[in-house]
Each structure stands twice: as C-alpha cells, then as structure tokens.
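Please keep the sequence and the structure in view while reading.

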Amino acid sequence: MSITTRRIVPALAIAGTMMLVATGCVAGENATTGSENASGTSEWSSDTLSIDFATYNPLSLVIRDQGILEDILGDDVEVEWVQSAGSNKANELLRSGSVDVGSTAGSAALLARANGSPIQVIDIYSQPEWSAIVVGPESDIASLDDLKGASIAATKGTDPYFFLLQALVEGGLSLSDVEVQNLQHADGRAALDGGSVDAWAGLDPIMAAAEVESGDTLVYRNVDFNTYGFLNATEDFINNHADLAQAVVDAYEQAREWALENPDETAALLADVAGIDIDVATTVIQERSNLDVSGTPGDDQIAVLEKIAPVLVESGDVQGGQDSVDSALSSIVNPTFAEKAVGGE
C-alpha cells in the first residue's frame, strides 16, 4: 500500500465514539472520553501512560522524538517511555505491568500469550528482515550444515531465537545438534566477536553494525522466517483504557506516514538512539525494515504465526503445548484500534 492511500483519523476526531454513555456498549466500559472538544479540556481514562521504545521498532523512535503522543494526549496524561532491549524484555515489561503497550516480534507475542500473558496485538509497526545467522569474518561456517556441534548465541523468546530454530530444521538439524547460549542481543554480538560462541542469531540494528564494524557475515538469511513487528497491549489496558489505546495506535499511524516520507531522517534518528553509524542505520531502514505495511493486524500475521506454531510446540517452550498455541492463535489479534486509525486501506 502506498503512502498516498493512507487516511489517518486523529484520536481527537474519534473521541466521541470512545465516550461512555448510559446506554453505550464500546470497547472498555470503564474508559472515559479521550477529548470532548478542541479547547484543550479533556478527560482521559488515566493520567499516566507507560509505553516502550526500541531500536528494533523505528516508529517508536519517531513518536518519542517528535512528541506525537504528548501532543495527542495534552497535559492531562503523563507519558512514560521505557526502553525494551528485546522482545523478551518487552514481554516481561507487559507481564509485570511496567508498560501498558510494548513492541515485540510476532513470534515472541505468540509465545507470551500461549504461556498465559494476556496480551493482544493492536497494531503492526513493520514487516522486517531483522534476523539472520551471523558468523565472524574468519569463521569456517559457510552453511547451515556447518552449524552441527556449534555454540550459538541467541535470545530466547525473540524472533532471532525462533529464526534459529527454523534454520536448524531447514538444515536438517535440531537443538540437540547445537549448544545455544541464551544471551541478550548485544551480548550475543559481543560473545561472537570475543570468540566465545561460533555463531549468533542476530537482530538489527546490532546485526547490521556487526557487519560493518566487525566484518561479520550473515551466513544464512530467510525473510520468510522473520515475523512481523507487533505492538501489544494487555487486555486490562485494552478493556479499561480504550481511549489511550486508540491514541497510541493513532500516534503509530502518524509516525508511519512521517517515516515513509522521511527515510533519511528516520535513519538518522535510529543512528542517534542506537549509537550506530548512519550508513548502518540507512541499511536497516531502507533495506531491512518494511514500514509500508498495513497497521491492521489480521490474516497475514496469523498465516506467518501458523508457520511458527509447530516450532514453538516442538521447542518445549510452551507449557500447554499445542492446545495453548492454538488458543493463542485464535485470540491474539485485536484489529479494532488500527481499523479506526486508518480509514479504508
């Protein structure tokens, strides 16, 4: 979908639909109106909103830098920004209530919901190729077959970890054929560069920086093994603060418009926040981050997750097995807010 076809419906314009009325039946029965008029007087369902930002989620950087959410919410809601170092950390923040909205990969969101975390995806922020199998410049590993017996760094509960599991299957291997060291993404790169692991299931922008700065090589890539970028919220937040959830999704759609129109500026912002070279950031934004996708979660995302599901079950990381994964697949998507934010894609 091209940028010219997007129609953003601001949070203020849809505020009337979020109002509580005596006979009203809208999402979040306990939520109050987001804004009653344009004079600056407003009453939101909470005076605080906690949301994450992450270098693997460029739109979150745009929203935070430009104060888009603060502009929508005005002075009556304090926005707290918390950085997520990876999908696993974002899921921990959501589960603990430290953030109301957090950004993960689709596979990580499915894993969390299958294991009982009451989250749903309310917006899609990207369709990236953000993971690959990475080796050092002097490595003898040239193919998936060569991974047998290797020590591989990966962050469990994230897309790179599930990328690794799928890659092993593709290469005719299993987890028992390798040694996985569970390290956070940046630590995985450090372990590879330091020689304490043979390979790393990498994540951009750290992965792209490793290519340029360390001469590391992406020995195996497969865009189909990468899941979408999911913006998730807890069901409690969705049900009781629907006005704020709508404001967040509206902000994401505004940020998407700006990022698509300003790729160079978006790359510069990523470079600044991530502390990476501008050329690296440009590669991530222009070659590996497809931001021009529908923000509305639905069939496309479920189709990808259905391919991941057997890998999740076989990994043993889901406590309830296949039944829990099937239940999560049937209930993880909540398109309501994105459908209101973007009229008629």
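In this predicted model, helices α1 and α9 are roughly perpendicular to each other, because angles of 65 to 115 degrees are counted in that way. The angle between α1 (residues 58-66) and α9 (residues 242-261) is about 100°, and their axes lie 9 Å apart. On the side of α1, the contact involves Leu59, Ser60, Val62, Ile63 and Gln66, while α9 contributes Ala251, Tyr252, Ala255, Arg256, Trp258 and Ala259. Sorted by class, this contact comprises 8 nonpolar, 2 polar and 1 charged residues.

The next feature to consider is a sheet. Five strands form an open sheet in the order β7-β6-β8-β5-β9, and their pairing is mixed. Its edges are β7 (179-182) and β9 (217-220), each of which pairs on one side only. From one strand to the next, the twist averages 40°. Strand β5 (residues 131-135) is joined to β9 by 3 bridges in the antiparallel sense, and Ile133 stands opposite Tyr220 of β9.

Which strands does helix α5 touch as it packs on this sheet? The helix touches β5, β6 (151-154), β7, β8 (199-203) and β9, and its direction makes about 75° with that of β5. Helix α5 spans residues 159-170, and the distance from its first C-alpha to its last is 16 Å, close to the 16 Å expected at 1.5 Å a residue. Of its 12 residues, 10 are buried, and the helix is thus mostly covered. Among the buried residues are Tyr161, Phe162, Phe163, Leu164 and Leu165, and also Asp159 and Gln166. Just after α5, Gly172 adopts a positive phi of about 75°. A further helix, α6 (residues 185-194), lies across β5, β6 and β8, and runs at about 145° to β8.

Technical notes
Residues numbered from 1 in each chain as written. Predicted model: local features only at pLDDT ≥ 70, side-chain atom pairs only at ≥ 80, totals over all residues. Heavy atoms only, no water. Axes fitted to C-alpha atoms, helices over the stretch in contact; angles between N-to-C directions. Helix = DSSP H or I, 4+ residues; strand = E, 2+ residues; numbered from the N terminus. Parallel < 35°, antiparallel > 145°, perpendicular 65-115°, else oblique. Contact = heavy atoms within 4.5 Å. Nonpolar A, V, L, I, M, F, W, Y, C, P; charged D, E, K, R; others polar. Expected span 1.5 Å × (residues − 1). Buried < 20%, exposed > 50% of the residue type's maximum accessible area, 1.4 Å probe, protein only. Pairing = 2+ DSSP bridges.
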